[in-house]
Amino acid sequence: MGILSKITKLSKNKKFGYSPRFYDDKGGGNPFEIEHKFDKFRSTVGRNRGLKKKFNNVLDDVKREGDRNLKKRMAIILTILILIFLYIIDFDLSIFIN
């Protein structure tokens, strides 16, 4: 068994010092934590636990004034897409006209 155990004996693992490529070891945080670049500006992302809190945050975001032309642009795009869809399915629009 002495001769056979020397041949089949597993070698010990080699140790090496691993440091991640983009890790700032000067206290920059966890290198494995992935964060989206816009998360710090969003109110719905974070440690908001509970459905009611998340829902209230979404309502606050909706109430906040954004781009003024957004609603007009969205309505125009939506109507164009609906008309394209109706054209594709050969819908007769004459039923809406007297």
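Visitor: Is Asp90 buried or exposed?
Guide: Asp90 counts as exposed, because its relative accessibility is 68%. Exposed means over 50% relative accessible area, buried under 20%, and partly exposed in between, with a 1.4 Å probe and protein chains only.

Visitor: Where do the numbers come from?
Guide: This is a predicted model, so local features need pLDDT of at least 70 and side-chain atom pairs count only at pLDDT 80 or more, while totals for chains, interfaces and linings use all residues. Residues are numbered from 1 along each chain as its sequence is written, and side-chain values use heavy atoms, leaving out hydrogens and water.

Visitor: Ok, and how many helices and strands are there?
Guide: Three helices and zero strands, in the pattern α-α-α along the sequence. Helices are DSSP runs of H or I with at least four residues, strands are E runs of at least two, and both are numbered from the N terminus.

Visitor: Which helix has the highest confidence?
Guide: Helix α3 (residues 70–88), at a mean of 91, whereas helix α1 (residues 2–8) is lowest at 65. The score is pLDDT, the predictor's confidence in each residue, from 0 to 100. The chain averages 76.

Visitor: How much of the chain is buried?
Guide: Of its 98 residues, 4% count as buried.
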